[in-house]
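Keep the model in view as you read.

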Amino acid sequence: MDAEALDELAGQLQGEALGGRGLLQLAATTGLAAYAVWAAVLMPGFRRVPLHLQVPYVPSSAQQVANVMGLLRGRTGKTADLGSGDGRLVIEAYKQGLRPAVGYELNPWLLWLARYRARRAGYQGKVSFLKQDLWKANLSDCYNVIVFLAPSVKPPLAAKLLAELPDEARVVAGRFPFPSWTPSSTIGQGLEQAWAYDMKEVRRAARRGTAGCAL
């Protein structure tokens, strides 16, 4: 499908949230079956990632977005969404003054959706969506990190964030917390819940734990 056809389809879906239902509508419009949605939209990003680190695409709800933004209110600096999907969190971060705002996503179709949403919202060229493996991204200059990833991914990701983020950084996790970290604050309940972790406090707790083990 060429760029003009994609833009025409996007125009047909203008004003709709492109979650799972929207993707199926997109497939129906082009005459593709549900399998094609998986093969073309979700699978490309999975092929490059080890099985135990794969995370399916599940769009964030409006309440989840609001909770994440609430935990980042008043902050500044570079903001990264790891596995940015359709880009809604990156766009909201930019609106809230968290700049530069960048999303890391391997799936080419989700990247297209994210860039389309940015263009439709008037933020083309102001937010960035990079086709890059989040495990290979250098996060040392990020002061706000958004993570909507599965529980199985959290332990190895925690090690990466501890190694790379500055002390002033804040990590906000949606849906599932980091199991070994104590949050600085939290908001919401159930799958709408979000947790904020300040890296200085996380490192301090890690040092105390190491000292206790040594004794």
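Over the face of which residue does Arg99 lie? Arg99 lies over the face of Tyr94, 3.9 Å from the ring centre. A charge sits over a ring if NZ of Lys or CZ of Arg is within 6 Å of the ring centre and within 35 degrees of the ring normal.

Some ground rules. This model is predicted: local features need pLDDT of at least 70, side-chain atom pairs count only at pLDDT 80 or more, and totals for chains, interfaces and linings use all residues. Residues are numbered from 1 along each chain as its sequence is written, and side-chain values use heavy atoms, leaving out hydrogens and water.

Now the ring pairs. Rings of Phe, Tyr and Trp (its six-membered ring) pair if their centres lie within 6.5 Å; planes under 30 degrees apart are stacked, over 60 edge-to-face, and the rest tilted. The whole structure holds five aromatic pairs. One of them joins Phe178 and Trp181: the centres are 4.4 Å apart and the planes are at 20 degrees, so this pair is stacked. Phe178 also pairs with Tyr197, edge-to-face, at 5.5 Å between centres and 85 degrees between planes. Phe178 lies in the loop between strand 5 (170–174) and strand 6 (185–187), and Tyr197 in strand 7 (residues 194–198), so the pair ties together parts 19 residues apart in sequence. Strands are DSSP runs (E, at least two residues), numbered from the N terminus.

Phe178, Trp181 and Tyr197 form one aromatic cluster. Buried means under 20% relative accessible area, exposed over 50%, partly exposed in between (1.4 Å probe, protein chains only). Phe178 is buried at 2%, Trp181 is buried at 8%, and Tyr197 is buried at 0%. Phe178 has a charge over its ring too: the charged end of Lys154 sits 5.1 Å from the ring centre.

Definitions and conventions: Helices (H or I, at least four residues) and strands (E, at least two) are DSSP runs, numbered from the N terminus.
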